[in-house]
Amino acid sequence: MALAFDEYGRPFIILREQESKSRLRGLDAQKSNIAAGVAVSRILRTSLGPKGMDKMLQSPDGDITITNDGATILEQMDIDNQIGKLMVELSRSQDYEIGDGTTGVVVLAGALLEQAEKLLERGIHPIRVAEGFEISSRIAVDHLEQISHKFDFNATNIEPLVQTCMTTLSSKIVNRCKRSLAEIAVKAVMAVADLERKDVNLDLIKVEGKVGGKLEDTELIYGIIVDKDMSHPQMPKHIEDAKIAILTCPFEPPKPKTKHKVDIDTVEKFQTLRKQEQKYFDDMVQRCKDVGATLVICQWGFDDEANHLLMHRNLPAVRWVGGVELELIAIATGGRIVPRFQELTTEKLGKAGLVREKAFGTTKDRMLYIEHCANSRAVTVFIRGGNKMMIEETKRSIHDALCVARNLIRNNSIVYGGGAAEISCSIAVEAAADKYPGVEQYAIRAFADALDSVPMALAENSGLSCIETLSAVKAQQIKEKNPCCGIDCNDTGTNDMREQNVFETLIGKQQQMLLATQVVKMILKIDDVISPTEY
Ligand code: ADP
Ligand code: MG
């Protein structure tokens with residue numbers, strides 16, 4: 001395809017090899033696009049909510065991912081269709097902006113597409129449908145604002161944040177430990193948050209995982225961890241107020257470079273050499289001691305002699321620390337990386353409140369914890385779990401929870417989950433439809449129906465009969481004027497989401513509705529699909 005201009009400067013499109021292109025036009029194009037979008041959203045529909053199913057995805061090289069996260073499922077699926085890719089994009093942008101609600105947004109978009117198809121079949125022009133959806137999304141977003149609640153929290157009262165994070169985690173594979181994981185996520189975010197500017201830099205939160213142990217052993221560390229241990233088993237494992245020398249020079253005597261030769265032919269010569277070597281080590285250790293270092297972290301290894309000497313002189317050391325980790329330690333502790341012993345000075349030492357080595361269970365795994373670092377508020381969430389898949393999924397779930405906590409610090413408004421907010425919006429949108437005299441009112445009613453599909457999917461996934469449950473809840477909302485009634489997925493006996501503590505962030509919900517509407521509008525406006533039939 002090429003774009004050319006005629007003599008008046010008007011652009012026109014030249015389609016080369018016309019016969020080898022396939023082309024869909026008008027209603028056919030819209031219907032085929034809608035079918036593709038709906039197909040993608042059907043896949044995710046069963047994963048929505050606390051009783052949603054998980055998906056297992058196998059990559060071409062055999063890696064397996066088991067997940068419940070909408071964005072991850074779509075990311076890992078190999079979707080060929082361009083409209084399908086738009087849905088992936090949709091989920092990704094929700095993930096990027098909000099972090100949670102990635103399944104819900106696709107389910108909503110799919111429902112909107114289904115409704116749009118019905119309207120198109122009745123002969124309503126796609127543009128009118130798109131306009132109607134746009135009006136409705138604005139009504140819904142405003143209505144969300146009205147039914148939202150603000151709650152107070154501060155550094156000591158983090159309970160509301162924890163509750164909201166728990167709602168997010170309750171639909172994940174890790175929901176067994178949702179309480180403790182939610183607390184970890186909230187504490188991590190509070191540790192790095194700037195409450196005055198309402199800003200959270202999530203880059204300061206590192207999420208690390210190590211296979212082994214139980215999910216319950218997952219912990220929050222106020223500092224960083226390094227997958228290394230002390231070089232000698234008898235060195236102290238607990239150093240308070242550590243002054244850390246960060247070295248990229250080896251603890252060994254200089255090696256004779258090429259063209260130099262050491263001839264040792266007598267015992268005396270050997271003895272001298274040995275003495276010299278020893279002195280060399282001794283000087284190096286002394287140098288570290290002189291500047292006041294209480295811990296040495298070294299990029300290179302050192303032999304047993306040096307190791308023994310370090311132990312003997314009571315200078316704990318860690319060897320073979322990778323370059324990246326070394327930099328991380330240097331930044332966090334405010335130290336400088338020292339490439340030569342001569343350059344080691346007191347100012348270049350990094351400082352940390354506590355450095356400790358921790359062993360795990362029966363395995364020989366040990367990790368080094370560097371906590372309360374001088375220069376950084378960086379924290380680490382350290383995930384334990386039975387296998388790699390579990391750890392990866394926990395990382396994704398923690399990411400969702402961290403994002404939710406961050407969103408709440410930015411804007412502390414919440415709406416009720418379990419489909420309660422959607423049902424309430426549906427009622428509001430339906431009521432507003434009557435005010436529009438034109439064809440749009442059909443599109444607005446259709447939007448209200450599409451909103452119902454989220455609670456419907458929640459009910460269906462929980463094994464409830466969806467139409468009955470939905471109509472009962474909806475009737476209750478209208479009768480009691482209570483926007484907290486939702487789907488009782490866990491069969492707790494009450495469908496008041498306020499009692500069940502099922503909260504979602506206001507901005508997350510609003511974003512879902514806005515993004516889904518935008519994508520659907522975009523798809524509806526495509527009326528010509530030109531693609532090569534063969535490559
Ligand atoms: P998403 O990727 O969109 O966040 P989830 O699988 O996390 O999808 O499901 C989120 C939906 O599940 C939300 O609509 C939320 O309100 C609902 N939900 C979460 N926990 C509960 C619960 N305990 N009871 C009812 N609904 C819940
Ligand atoms: Mg979620």
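A residue counts as buried under 20% relative accessible area, as exposed over 50%, and as partly exposed in between, using a 1.4 Å probe and protein chains only. By that rule R128 is partly exposed, because its relative accessible area is 32%. This is a predicted model, in which local features need pLDDT of at least 70, side-chain atom pairs count only at pLDDT 80 or more, and totals for chains, interfaces and linings use all residues. Residues are numbered from 1 along each chain as its sequence is written, chains are lettered from A and ligands numbered from 1 in the order in which they are written, and side-chain values use heavy atoms, with hydrogens and water left out.

**Ligand 1**

- There are 21 residues around ligand 1, and T103, G104, S171, G418 and E504 come nearest; a residue is near a molecule or strand if one of its heavy atoms lies within 4 Å of it.
- A polar contact is a pair of N or O atoms within 3.5 Å; within protein, one must be able to donate a hydrogen and the other to accept it, and residues adjacent in sequence count only if both atoms are side-chain atoms.
- S170 places a polar side-chain atom 2.8 Å from a nitrogen atom of ligand 1.
- In the side chain of S171, an N or O atom is 2.4 Å from an oxygen atom of ligand 1.
- G418 takes part through its backbone, where an N or O atom lies 2.5 Å from an oxygen atom of ligand 1.
- On its own, ligand 1 has 570 Å² of accessible area, and the protein covers 96% of this. Accessible areas come from the Shrake-Rupley method with a 1.4 Å probe, and for residues only the protein chains shown count as cover.

**Salt bridges**

- The structure holds 32 salt bridges, each being a side-chain nitrogen of Lys or Arg within 4 Å of a carboxyl oxygen of Asp or Glu.
- One of them joins E440 to R128, with the closest N and O atoms 3.5 Å apart. The pair links distant parts of the chain, 312 residues apart: E440 is in helix α13 (residues 440-461) and R128 in helix α5.
- Helices (H or I, at least four residues) and strands (E, at least two) are DSSP runs, numbered from the N terminus.
- E440 is buried, because its relative accessible area is 15%.
- D229 forms a salt bridge with R366, and their closest N and O atoms are 3.0 Å apart. D229 lies in the loop between β11 (223-226) and β12 (238-247) and R366 in strand β17 (residues 366-373), so the pair ties together parts that are 137 residues apart in sequence.
- D229 counts as partly exposed at 28% relative accessibility, and R366 counts as partly exposed at 31%.
- D229 and R366 also belong to a network of salt bridges that links them with K237 and E357.
- D282 and R313 form another salt bridge, the closest N and O atoms being 3.0 Å apart. This pair too links distant parts of the chain, with D282 in helix α8 and R313 in the loop between α9 (304-312) and β14 (317-318), 31 residues apart.
- D282 is partly exposed, with a relative accessible area of 31%, and R313 is partly exposed at 22%.

**Buried residues and their contacts**

- Contact means heavy atoms within 4.5 Å.
- H143 lies in helix α5 (residues 126-147) and counts as buried because its relative accessibility is 15%. Residues up to four places away in sequence aside, H143 touches S424, C425 and A428.
- T218 sits in the loop between β9 (205-211) and β10 (219-221) and is buried, with a relative accessible area of 8%.
- Apart from its neighbours within four places in sequence, T218 is in contact with L181, I184, V381, F382, I383 and R384. The side chain of T218 reaches the backbone nitrogen of R384 at 3.4 Å.
- The C-alpha atoms of T218 and G385 are separated by 8.0 Å, although the two residues are 167 residues apart along the chain.
- H232 is found in the loop between β11 and β12 and is buried, with a relative accessible area of 17%. Its contacts, leaving aside neighbours within four places in sequence, are N307 and M311.

**Nonpolar surface patch**

- V262, I264, F270 and L273 make a nonpolar surface patch of about 350 Å².
- Patches are made of residues with over 30% relative accessible area and no salt bridge; like charges are joined within 9 Å, and nonpolar side chains (Val, Leu, Ile, Met, Phe, Trp, Tyr) within 5 Å.
- L273 is in helix α8 (residues 267-291) and is partly exposed, with a relative accessible area of 36%.
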